[in-house]
Amino acid sequence: MSFYTIAFKNNRVLMLDQRRLPQDEIYLVLRTPEQVARAIEQMAIRGAPAIGIAAGFGLALAGLELSKVSDHSEWWEKFGQALRRMARTRPTAVNLFWAINRMNHQAIISRDLSSSERAKLLVREAQNILAEDIATNKKMGKNGAKLLHSGDVILTHCNAGALATGGYGTALGVIRAAKEQGKKIQVFADETRPFLQGARLTAWELKKDRIPVTLISDNMAGWAMRNRKINKIIVGADRIARNGDTANKIGTYSLAVLARHHGIPFYVAAPLSTIDRACPGGEKIPIEERSLEEIFSIRGKRIAPRGVCGWNPAFDVTPAGLISAIITEKSVIKNPNRTKIRNLFTE
Ligand code: MRU
């Protein structure tokens with residue numbers, strides 16, 4: 001690919017600053033766990049898998065900062081603070097907590113080593129999370145590409161591409177895989193108010209990859225379906241409950257309702273690390289509410305009159321019954337439900 005989302009070099013985290021795209025391609029160089037936590041909160045990096053990877057590297061930096069601390073209780077107290085700081089960054093994407101647990105587990109199993117040896121293993125674990133994510137996306141892409149055919153025009157929402165992952169993408173990974181198989185695919189991208197991930201990021205990423213993309217504003221989706229401009233929808237996910245209910249970027253639910261009305265298949269592409277088996281249903285998924293500035297203003301320019309109220313939920317939940325299939329690295333589950341999701345982990 002002509003860009004990378006996140007990397008770890010010379011004990012620094014390098015991260016493409018997604019707030020500046022598409023105008024500027026600038027990499028942040030982060031040296032401390034706190035800098036990584038802020039980058040996640042302020043959405044310099046975003047997208048569920050990428051948030052998890054960033055948290056992993058943030059905790060690797062914490063391990064490096066503590067590599068000269070030989071007192072065990074001091075080490076664990078400070079590492080615990082870093083774990084809790086990462087966990088406070090964004091509440092909805094379960095990949096964050098999945099990656100934090102994995103890093104904590106790595107620290108626990110290397111507790112008898114020196115702090116500097118433990119730091120090396122934490123760095124290696126974070127690098128593994130990144131490499132595995134790319135491999136997972138490629139498998140998911142291959143599984144999902146079977147659902148796509150030459151001539152398909154696919155609507156996607158937000159950005160579930162290379163920018164939202166370690167690379168290749170989930171929803172956009174499926175589209176990439178279909179293209180690699182020689183299928184002719186076109187993409188419609190919703191602009192995705194208020195943060196404009198579709199207009200700024202998906203359009204940028206697809207253009208870079210020479211995948212034909214048509215940008216529409218969110219409120220055009222229903223009319224595009226009515227006019228047979230699109231014939232499939234693929235989105236990513238931030239958290240899938242064990243009954244298949246799926247949290248994703250605000251606006252996803254509306255698309256699923258519209259898709260059902262128009263008889264259009266609605267697919268969710270997500271790795272197993274996005275499935276939260278401890279969560280019984282969508283009503284239990286925590287939904288992040290972000291600053292009202294994001295809806296009162298567009299890129300720093302105020303558009304709403306002062307003194308009005310606002311509401312800014314960053315995600316919504318699509319009930320499993322509206323999802324035609326969930327595409328994972330293991331298999332494609334059609335008409336997802338509790339039993340099929342349980343079998344995904346046991347078979
Ligand atoms: O607020 P964001 O940009 O982090 O939201 C991202 C999404 O909703 C994505 O669709 C989701 O994380 C899947 S990314 C592969």
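The following paragraphs treat the ligand and its surroundings, and then the backbone.

This is a predicted model, in which local features need pLDDT of at least 70 and side-chain atom pairs count only at pLDDT 80 or more, while totals for chains, interfaces and linings use all residues. Residues are numbered from 1 along each chain as its sequence is written, and side-chain values use heavy atoms, with hydrogens and water left out.

Several polar contacts (pairs of N or O atoms within 3.5 Å) can be described. Oxygen atoms of the ligand lie 2.6 Å from a side-chain N or O atom of Asn 248, 2.7 Å from one of Lys 249, and 2.9 Å from a backbone N or O atom of Gly 47. The protein covers 99% of the 410 Å² of accessible area that the ligand has on its own (Shrake-Rupley method, 1.4 Å probe).

The backbone also deserves attention. Most residues other than glycine have a negative phi, and most peptide bonds are trans. The peptide bond from Leu 21 to Pro 22, however, is cis, with omega near 0°. Another cis bond joins Arg 193 and Pro 194, where omega is about 5°. Tyr 168 has a positive phi, near 75°.

Conventions. Polar contact = N/O pair within 3.5 Å; in protein donor to acceptor, adjacent residues only side chain to side chain.
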